[in-house]
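Hi there,

Here is the structure I promised to pass on to you. Have a look at it first, and then read my notes below.

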Amino acid sequence: MFKNPIASLLGSSPFKALQEHMRVVLECAREVTPLFEALSAGDQERVREIEQRIFEREAAADSIKNQLRQHLPKSLFMPVDRRDLLEVLQMQDSIADTAQDIAGLLVERPMEVPEPLREPLLALTRRCVEVCEHSARVIEELDELLEMGFRGREADQVETMVDELNRLEDETDELGIRLVRSLFAHEDEMNPVSVMMWYQLINWIGDLADYAEKVGDRLRLLIAR
């Protein structure tokens, strides 16, 4: 008899499915850096290949999300609120959605990376993906948190990790502001529509880190209650 893998994960703990979802979300985020590297190299074929992988992984993340929502009990015999858990899930999923938005736009409207933006764009992208990586490490601590009843040294360690997550996200804000300034400094050399598209893309790249930070913030609330 077929056994639903997510239902099986939920049978042991809803956190297992949440962690599995975050691992797939992270696979989406990790593709964003090579996506912009390919764009910078003018390799549109590789951009399309990466876009396909992001769409596939985003669909996989959606499947886990929907199954988790469907099978999550109305009441849990755990020191967590169901709504808090679903909010963490939604923030995680927004990371994959944003990666998909970025990839979709770069395929639907092929763009060239202006030379002055090239290095700062890649620096911002790499840093935002690092924030997603850090957020995923926080989620991997949920097992230990559950074992400790969301108290004690493990809870303190997660608090410290979330503080670091906030600090890393602040760095991406600074990188994003500098990149936008550089974009506007060279706007006269660019097509106006391209300027608008690049402004949107820079904001979406920053959103990867924003949602990753919100995952940590929601987790902090979950621990506090």
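**What I found**

Asp 84 is buried, with a relative accessible area of 5%; buried means under 20% relative accessible area with a 1.4 Å probe, protein chains only. Before going on, please note that this is a predicted model, in which local features need pLDDT of at least 70 and side-chain atom pairs count only at pLDDT 80 or more, while totals for chains, interfaces and linings use all residues. Residues are numbered from 1 along each chain as its sequence is written, and side-chain values use heavy atoms, with hydrogens and water left out.

Asp 84 sits in helix H5 (helices are DSSP runs of H or I, at least four residues, numbered from the N terminus). Which residues does Asp 84 touch, not counting those up to four places away in sequence? They are Leu 222 and Arg 225, where contact means heavy atoms within 4.5 Å.

Leaving out residues up to four places away in sequence, Gln 92 touches Leu 18, His 21, Met 22, Val 25, Ile 139 and Val 215.

Next, find helix H3 (residues 32-40): eight of its nine residues are buried, so H3 is largely enclosed by the rest of the structure. Among the buried ones are Pro 34, Leu 35 and Phe 36. Their cover includes helix H2 (14-30), H4, helix H5 (82-108), helix H6 (115-139) and H9. Just after H3, Gly 42 takes a positive phi of about 75°.

How far apart are the end C-alpha atoms of helix H4 (residues 44-71)? They are 41 Å apart, which agrees with the 40 Å that its 28 residues should span at 1.5 Å a residue (the expected span is 1.5 Å times one less than the number of residues). Buried residues in H4 include Val 47, Ile 50 and Glu 51.

The UniProt record (an unreviewed entry) places a "coiled-coil region" at residues 151-178; such annotations may be inferred rather than shown by experiment. In the model, the chain over residues 151-178 is 96% helix and 0% strand, with its end C-alpha atoms 40 Å apart.

Enjoy exploring!

Key. Helices (H or I, at least four residues) and strands (E, at least two) are DSSP runs, numbered from the N terminus. Buried means under 20% relative accessible area, exposed over 50%, partly exposed in between (1.4 Å probe, protein chains only).
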